[in-house]
Amino acid sequence: KHVLAADEKNVGLLLPPSAGGAIVNAALALSRRVSVNLNYTNSSQTINHCIEQAGIRHVLTSRLFMAKMKLEIDAPLVYLEDFRERVTVLDKAVAALQAFATPMVLLERMFGLTKVCPDDLMTIMFTSGSTGEPKGVMLSHHNIGSNVDTIDHLVQLRQTDVLLGVLPFFHSFGFTGTLWTALSLAPKGVYHFNPLDARVVGTLCQEHKVSIIMSPPTFLRTYLKRCEKEQMQSLDLVVVGAEKMPLDLAQAFDEKFGVRPSEGYGTTELSPVAAVNVPDHRLSAATQSAAKEGTVGRPLPGTSAKVVDPDTGVDLGLDTPGLLLIKGPNVMLGYLNHPEKTAEVIRDGWYVTGDIAKIDVDGFITITDRASRFSKIGGEMVPHIKVEEILRRIVADTSDEDQELKVVITAVPDEKKGERLIVVHKPLSKPVERILEELGASGLPNLWLPARDSFLEVADIPHLGTGKVDLKGLKTLALEKFGPSGKMAPHS
């Protein structure tokens with residue numbers, strides 16, 4: 001009995017990063033269907049919104065996983081455990097024969113893969129919703145394939161490499177970097193369902209001799225605190241993405257494990273990698289140095305980057321901050337069911353990232369802020385990231401070995417100045433007055449300095465399941481406290 005109808009193209013998945021999850025994604029691709037890995041850290045309402053948008057008729061999952069997640073899903077669930085008894089010894093023998101003895105050319109014809117066009121839809125990935133409603137990003141076989149091939153070319157992947165697969169498959173970094181890179185190329189993939197379960201992650205790294213970790217900074221902080229040096233002895237390459245890498249975290253990780261994380265840059269709409277720093281020991285002998293700390297690296301081969309004036313679209317050239325645009329084989333097909341939103345962000349083949357950046361004479365890109373992470377205060381654009389960087393240095397605790405994220409900037413409306421910066425923070429070792437004194441002495445313009453009554457203490461900085469800071473959640477917290485209906489009146 002076939003569970004999926006012949007015309008059932010988009011198939012939902014609610015599975016953690018695991019060998020089973022990897023196999024199901026591969027099976028859907030081989031059957032020429034479109035995988036939609038749903039973000040199980042979202043609410044049932046948000047997940048069901050994504051299911052409706054993608055026209056999903058079945059969701060593949062497991063009973064054990066659904067029992068843990070306690071989600072209410074508006075689509076029939078297919079439990080993968082139920083298929084175990086239906087797989088016969090003959091099925092396994094045929095699969096082994098196909099895998100190890102059948103020529104690739106014949107396999108491609110057997111599975112109908114010769115009929116797949118490069119621009120055919122391969123997956124729909126819903127954005128994290130860190131700043132708004134999730135949008136379905138449509139990525140083609142060519143999008144994912146070009147990204148995988150470029151990763152292989154840049155970091156010289158080896159037969160002995162082992163990838164740690166803890167990034168969820170609903171995250172484009174995990175889908176491309178740890179799922180399809182392992183399925184398509186030489187490295188082995190080792191998976192674990194919880195990226196913050198540092199003790200298990202450390203054990204896996206030691207037992208399987210993990211050499212490559214791809215991760216947002218949030219997860220590295222946990223490994224720094226809870227993993228032993230001996231567990232990371234085989235580690236050779238750490239690529240950080242999704243958020244800006246704090247240099248103190250890179251230094252602490254290097255000092256403990258002997259590997260300095262390399263920062264890259266990408267978005268879901270770029271499949272996801274657009275630029276990356278590559279450490280010298282991973283380059284081919286004929287390649288010039290491709291790393292510059294503090295930047296996100298150079299654009300991938302075959303990918304172009306430029307910065308333009310956010311208002312006029314005029315090219316700004318080198319060393320001038322502006323709106324970052326990316327063009328290449330990694331640019332998405334578009335947003336699902338939203339041609340108008342697609343047209344807003346893809347202009348003449350260039351993807352408008354929404355990030356503010358500058359490009360130096362050597363081609364290295366430095367991200368200075370997100371366009372959505374500026375506040376207009378008194379008519380002046382104030383960058384959140386710049387204020388955050390200085391605040392984090394001021395509140396840094398040398399005894400805090402995991403380099404925990406303690407401070408994030410958000411903003412709320414202000415009647416007199418347009419907007420007001422809010423400092424959301426965990427408990428601090430210094431009084432606010434002292435912090436403001438040091439911030440004032442840092443050289444920032446007075447207009448950029450938060451007010452004494454604009455500090456909001458929280459038990460934890462909210463994060464999404466992808467490891468990113470939940471910017472939408474932060475703003476909600478700030479509005480509850482400082483907005484027009486909050487407990488404190490707008491700052492004057």
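**Exercise 1.** At what angle do helix α6 (residues 141-155) and helix α7 (residues 172-184) pack, and how far apart are their axes?

*Solution.* The model is predicted, so local features need pLDDT of at least 70 and side-chain atom pairs count only at pLDDT 80 or more, while totals for chains, interfaces and linings use all residues. Residues are numbered from 1 along each chain as its sequence is written, and side-chain values use heavy atoms, with hydrogens and water left out.

Step 1. Helices (H or I, at least four residues) and strands (E, at least two) are DSSP runs, numbered from the N terminus. Axes are lines fitted to C-alpha atoms, for helices over the stretch in contact, and angles run from 0 to 180 degrees between N-to-C directions.

Step 2. The angle between α6 and α7 is about 80°, and the axes are 10 Å apart. That makes α6 roughly perpendicular to α7 (65 to 115 degrees; under 35 counts as roughly parallel, over 145 as roughly antiparallel, the rest as oblique).

Step 3. Contact means heavy atoms within 4.5 Å. On the α6 side, Ile144, Asn147, Val148 and Ile151 meet Phe175, Thr176, Trp180, Thr181 and Ser184 of α7. By class, this contact has 5 nonpolar, 4 polar and no charged residues (nonpolar: Ala, Val, Leu, Ile, Met, Phe, Trp, Tyr, Cys and Pro; charged: Asp, Glu, Lys and Arg; polar: the others, Gly among them).

**Exercise 2.** State the strand order of the open sheet and identify its edges.

*Solution.* Step 1. Two strands pair if DSSP finds at least two bridges between them. The order of the 7 strands is β8-β7-β9-β10-β11-β12-β13, with mixed pairing.

Step 2. β8 (188-191) and β13 (298-299) each have a single partner strand, so they stand at the edges and one side of each lacks a neighbour in the sheet.

Step 3. Strand β10 (residues 237-240) runs parallel to β11, joined by 2 bridges; Val240 has Glu263 in β11 as its bridge partner. Strand β12 (residues 273-276) and β13 run antiparallel, also with 2 bridges, and Val276 stands opposite Arg298 in β13.

Step 4. In β11 (residues 262-266), 4 of the 5 residues are buried (under 20% relative accessible area; exposed is over 50%, partly exposed in between; 1.4 Å probe, protein chains only).

**Exercise 3.** Count the disulfides and examine Cys227.

*Solution.* Step 1. A disulfide is a pair of cysteine sulfur atoms within 2.5 Å. The count comes to 0 disulfides.

Step 2. For Cys227, the nearest cysteine sulfur is that of Cys205, 6.5 Å away.

Step 3. Cys227 is buried, with a relative accessible area of 0%, whereas Cys117 is partly exposed at 43%.
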